[in-house]
Amino acid sequence: MADYREAPLAGRPKTLDPNEYFNLSPERRRAEEARAALRANLKRHYQLQLNNPHRKELIEDPALTRWVYARANPYPHFRATKKTSLLGAMFGVVPLFALYCIFKTDRDNKEEKIKAGTLERKFSLSS
């Protein structure tokens, strides 16, 4: 753990935070163990249902149902943060502005050359 450096935009993972990992009170440790036992019991129950050879009905997995609903309806669960706003600007606004600047400067340079008479037109239809 001595050579671990925190990332500038992310916090330290719970498993690497010494205050969270080593200094747990007995009641908090018991609560985490109870949650782990509940998860293990739910997993065992799901595996028993999944591997039942005489199964005739579908198995309902509530976590999968919630995930599918959240994927199908992203907008009620979207929250604007600095990161999402920055990504929206970087991939939505900046490319449009950059393309506008590139085409505008190219057209202005071409117009200046036409006015000065120095533009060499390669595919002239008139001559």
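Visitor: At which residue in helix 4 does the kink lie?

Guide: This is a predicted model, in which local features need pLDDT of at least 70, side-chain atom pairs count only at pLDDT 80 or more, and totals for chains, interfaces and linings use all residues. Residues are numbered from 1 along each chain as its sequence is written, and side-chain values use heavy atoms, with hydrogens and water left out. The bend at a residue is the angle between axes fitted to the seven residues ending there and the seven starting there. In helix 4 this kink is about 35°, and it comes shortly before the proline Pro95, at Val94.

Visitor: How far apart are the end C-alpha atoms of helix 4?

Guide: Helices (H or I, at least four residues) are DSSP runs, numbered from the N terminus. The expected span is 1.5 Å times one less than the number of residues, so the 35 residues of helix 4 (residues 82-116) should span 51 Å. The distance in the model agrees with this, at 48 Å.

Visitor: Where is confidence highest in the protein?

Guide: Confidence is given by pLDDT, the predictor's score for each residue from 0 to 100. Its mean is lowest in helix 1 (residues 18-21), at 70, whereas the highest mean, 95, belongs to helix 4.

Visitor: What is the radius of gyration of the protein?

Guide: The protein has 4 helices and 0 strands. For 127 residues the globule rule gives 14 Å, the rule being 2.2 Å times the number of residues to the power 0.38, with the radius taken over C-alpha atoms. The protein is more spread out than a compact globule, because its radius of gyration is well over that value, at 30 Å.

Terms used:
Helices (H or I, at least four residues) and strands (E, at least two) are DSSP runs, numbered from the N terminus.
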